[in-house]
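Here is a short briefing to read with the model open beside you.

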Amino acid sequence: MKISELLTIVIPCKNESEVISMTLDFVDSQKFISGTRVIICDISTDYTREIILSKKYKNIKVEIIDGGIPSIARNNGAILSETKYVLFLDADIFLTDNNTIYNSLEIIENNEIYLLTTKFRCRGIYSYVYPVFEFFRGWFINHFPFVLGGFMLFDRVKFFELGGFNPKVLFAEDYDLSCKINPNKIFITNHKVYTTDRRFKKKGLIYMIKMMFLCMINKNNPSFFEKDHNYWK
């Protein structure tokens, strides 16, 4: 299996100068990743773009395009892709296991899956949050197929059949789109990817938990997702 012929990676990006170098280094170190296209959809006002352009990549082919809010940024990247699959990766996702992408592609290639994701972890005082989230997700997956946007491996045709990410959505565009998919077509691997705990530090754990449950309650209420709920402030 040649990853570069099957996969395009899309990373929405805004002012990620502190983490983008590490994120790309982990991607560049993935097994069999040679020649794979990475599209960074950027609207940074800091030195993120300069950092990306100054780096030397051994395996991946990195290009930068104009981004926007996450839904629009991801769509902009997907439109340029020509491969069977698109991996939407956040700018602060660290693929510490270098088999993650190859194994994920094997699973989605050999099964009738539209969307594949992983388990998430972070270090520090909030390290327990994601395991607890996954415990509850296991209960609700058949009714509320909550997939985090940090790692979303999509069948490209199905992604566009679903209409992509709704550009009107300002909050939880990942949840909004994953709810449109039959839960039987979603797969969660045992691979773990690491992320920062900045969301919890910035917004607070109570806020994050409250918004997760509000997403589930408002599953069929589009207007809820068209408000940013002060998430980006």
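Strands E1 and E2 (residues 37-42) run parallel and are joined by six bridges. Two strands count as paired if DSSP finds at least two bridges between them. This is a predicted model, in which local features need pLDDT of at least 70 and side-chain atom pairs count only at pLDDT 80 or more, while totals for chains, interfaces and linings use all residues. Residues are numbered from 1 along each chain as its sequence is written, and side-chain values use heavy atoms, with hydrogens and water left out.

**How E1 is covered**

- Seven of the seven residues of E1 (residues 7-13) are buried, where buried means under 20% relative accessible area, exposed means over 50%, and partly exposed lies in between (1.4 Å probe, protein chains only).
- In a regular strand, side chains alternate between the two faces of the sheet.
- Which residues of E1 are buried on one side and which on the other? Leu7, Ile9, Ile11 and Cys13 are on one side, with Thr8, Val10 and Pro12 on the other.

**Salt bridges**

- There are 13 salt bridges, each defined as a side-chain nitrogen of Lys or Arg within 4 Å of a carboxyl oxygen of Asp or Glu.
- Arg37 and Glu63 form one of them, with their closest N and O atoms 2.7 Å apart. Arg37 lies in strand E2 and Glu63 in strand E3 (residues 61-66), so this pair ties together parts that are 26 residues apart in sequence.
- Arg37 is partly exposed, at 25% relative accessibility, and Glu63 is partly exposed too, at 27%.
- Asp92 meets Arg198 in a salt bridge of 3.2 Å, N to O. Asp92 sits in the loop between E4 and strand E5 (93-94) and Arg198 in helix H9 (residues 198-203), so the contact ties together parts 106 residues apart in sequence.
- Asp92 is buried, at 0% relative accessibility, whereas Arg198 is partly exposed, at 32%.
- A network of salt bridges links Glu16, Arg74, Asp90, Asp92, Glu173, Arg198 and Arg199.
- Glu161 and Lys158 also meet in a salt bridge (3.3 Å, N to O). These two residues are separated by about one helical turn because they are three residues apart in helix H7.
- Glu161 is exposed, at 57% relative accessibility, while Lys158 is partly exposed, at 23%.

**A nonpolar surface patch**

- Ile69, Ile72 and Leu170 make up a nonpolar patch on the surface, with about 190 Å² of accessible area together. Accessible areas come from the Shrake-Rupley method with a 1.4 Å probe, and for residues only the protein chains shown count as cover.
- Patches are made of residues with over 30% relative accessible area and no salt bridge; like charges are joined within 9 Å and nonpolar side chains (Val, Leu, Ile, Met, Phe, Trp, Tyr) within 5 Å.
- Leu170 is in the loop between helix H7 (156-161) and helix H8 (173-178), and its relative accessibility of 31% makes Leu170 partly exposed.

Note on methods: Helices (H or I, at least four residues) and strands (E, at least two) are DSSP runs, numbered from the N terminus.
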